[in-house]
Amino acid sequence: MSTVTIRIPMPLRNYTNGADEVKVQAATVGEALQFLGANHDGILSRVLSPEGELRQFVNVFVGSQNVRALGGLATPLAEGQVISIIPAVAGGATRARDVRLMQLKSVIPEVTPGEALAMQAGGAALVDVREQDEISQGSPPGAMRLGRGYLELRIEDAVPDFDRPVVTLCNGGVRSLFAAEDLRRLGYRKVFSMAGGFSRWKNEGLPIEIPPRLDAPTRERYSRHLLMPEVGEAGQMRLMQSRVLLIGAGGLGSPAAYYLAAAGVGTLGVVDHDVVDRSNLQRQILHTDARVGTSKVSSARQTLEALNPAVKVVGYEAHLESRNVEEIFSGFDLVVDGSDNFPTRYLVNDACVKLGLPNVHGSVYRFEGQVTVFWPKYSRQRGPCYRCLYPEPPPAEFAPSCAEAGVLGVLPGVIGLLQATEAVKILLGIGEPLVGRLLYFDGLRGAFTELALDRDPKCRYCGDNARFPGYVDYERFCANVAA
Amino acid sequence: MATLQLSGELKARIENLVRTGYPHETCGLLIGRQANGTVSVTEALAARNLNRERARDRFELDPQAFLDADRHARDTGQEVVGIWHSHPDHPARPSEIDRSLAWPGWSYVILSVSRDGIQDFRSWRLAGNRFEEEVIAP
């Protein structure tokens, strides 16, 4: 037991009848404070928490040393020592955002970077909401870099499941709180904000990756895309990593492939077994007069690579059949069907349904054309497949080909570019794809009409309980009905 | 209403510290005596703001500075009678943060400062759980 002096700061002197010092006998700092509390009602609760620990806003010094740096309340005392109770003095200008942040912190659970990493490994979505220039300095591997500005518009495509845990992160842990709240409002049920943000993630030595950036000539080429936040650098890179398969390098495939190459779609597959005919040149703009008689695939490659050397053209000079369809389709993100015959349309449909690929379908007839997207696997809306609409092919006399009926040369340009537009939208995950809707264009009237397409829940290929029934002999399937 | 007696010289000293510290929050202690509702300030000390991360809108006074000031005050028969701090680009009234962290029995001098200099200079005192303004007299 030592006799020590406790110095009382002015804000606490109303508990000590104005005394600025109290002498007590105690062996430790904790004992001294308890003694003080026993003799001066109410003072202890200002200094210690209900759990008996030093309050956050109080410092206790023994001599000139803070007891937090010594042994805490167990710090032993020597005869004659002086204990000072020092009210922590703090404050600051509260801005509206601080009040708001305090509210947010009370409702949004925060996790440490380490916890966020573990949650990501367990299936949570880690969403980086920082700006592009911050992300270019590094970002957690596998994080979804959706940006803050378009977060609400993009999150549903990236995270369709509202019960999947989502951890937002920014640079310091503030913007991520706002982002987390927005996600909760959208309906996400398990949203967390990463405290300390990316700077703490980095300081704790957690893994980072530097996302690839576009080089200067590439930025120049796609500058009009980069200006649009819906595309931006991330979107452009997505296009450059995308693989689109074009069925046919003819009237529809030509304009679609031409613009997709210009847009920077990284890999364009072209399936066509035909050679260029002079009669094709009225509309099939990939080909030239000098290439009449050469293969359409090689002619397409020449034109596309001349426009954009960065695009990889993968040619398939083959007839698309049941036995090669999956081998050709595998690895592509999307199929643009510009075929002109029913056996191929059914085959393309069946393979796309089986592989879950979006099938951007177009067709033309004289002055008219139509475009839609068959994509039963689309996460936001269950649309039909081609077979929901046409379980069987129409009789031949109802479906003449261009060779039989003729076509206005510019018409496939309109429809092929609508297909290309749908393809780019789907690759970027923006806008409303033409799923469950068919856009019909009447060139003579100069009018578009939109038709709703319903899926058939009993469809043998994409219906509710459908199991893929297998490929069929498409030539015979179509010939039988036509006969 | 309590009165804070602060000489022009001390006022100028605090203003100078606040202007120099802008855009960061600066803080310090007031030493003097108080009796009968009047606080007479004899010294204004500067203290380190421990909150480096948010020095633009937070202050957290170094407890060592308080200990030193308190010792000095006691040695000269005085006491710590208040705190001064700045609100950069913000009015000179106590914020919600100030209120929640304030102690009774002290004067809280708050200066509003902008890039153009001192905008306002006021003093407050906790009464119950709200702040009341004090008169500042030379």
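This is a predicted model: local features need pLDDT of at least 70, side-chain atom pairs count only at pLDDT 80 or more; totals for chains, interfaces and linings use all residues.
The crossing of the two helices is right-handed.

Which residues make this packing? From H14(A), Ser322(A), Val325(A), Glu326(A) and Phe329(A) take part, and they meet Leu347(A), Ala351(A) and Leu355(A) of H15(A). Sorted by class, that contact comprises 5 nonpolar residues, 1 polar and 1 charged.

Among contacts in chain A with a separation of 6 or more, 66% join residues 24 or more positions apart.

I turn now to a sheet in chain A. This open sheet has 5 strands in the order E2-E1-E5-E3-E4, and the pairing is mixed. Its edges are formed by strand E2, residues 21-26, and strand E4, residues 65-66, each of which pairs on one side only. Strand E1, residues 2-7, runs antiparallel to E2(A), and 6 bridges join the two. Within that pairing, Val4(A) is placed opposite Val24(A).

What packs on this sheet from chain A? Helix H1, residues 29-39, does so, touching E1, E2, E3 and E5 of chain A. The direction of H1(A) makes about 125 degrees with that of E2(A). Chain B also contributes a helix here: H2(B) lies across E3, E4 and E5 of chain A, and runs at about 120 degrees to E5(A).

That brings me to the interface between the chains. In total, 25 residues of chain B are in contact with 21 residues of chain A. On the side of chain B that touches chain A, the elements giving two or more residues are strand E4 (59-60), helix H2 (63-75), strand E5 (79-88) and helix H3 (96-101). The most comes from E5(B), with 5 residues. By class, this side of chain B has 12 nonpolar, 5 polar and 8 charged residues.

Finally, how are strands paired across the two chains? Strand E6 of chain A, residues 90-91, and E4(B) run antiparallel and are joined by 2 bridges. In this pairing Gly91(A) stands opposite Phe59(B).

Note on methods:
Residues are numbered from 1 along each chain as its sequence is written. Chains are lettered from A and ligands numbered from 1 in the order in which they are written. Two residues are in contact if their C-beta atoms, placed from the backbone, lie within 7 Å. A crossing is left-handed if the near helix is turned anticlockwise from the far one by less than a right angle, and right-handed if clockwise. Helices (H or I, at least four residues) and strands (E, at least two) are DSSP runs, numbered from the N terminus. Ala, Val, Leu, Ile, Met, Phe, Trp, Tyr, Cys and Pro count as nonpolar, Asp, Glu, Lys and Arg as charged, and the others, Gly among them, as polar. Two strands pair if DSSP finds at least two bridges between them. Axes are lines fitted to C-alpha atoms, for helices over the stretch in contact, and angles run from 0 to 180 degrees between N-to-C directions.
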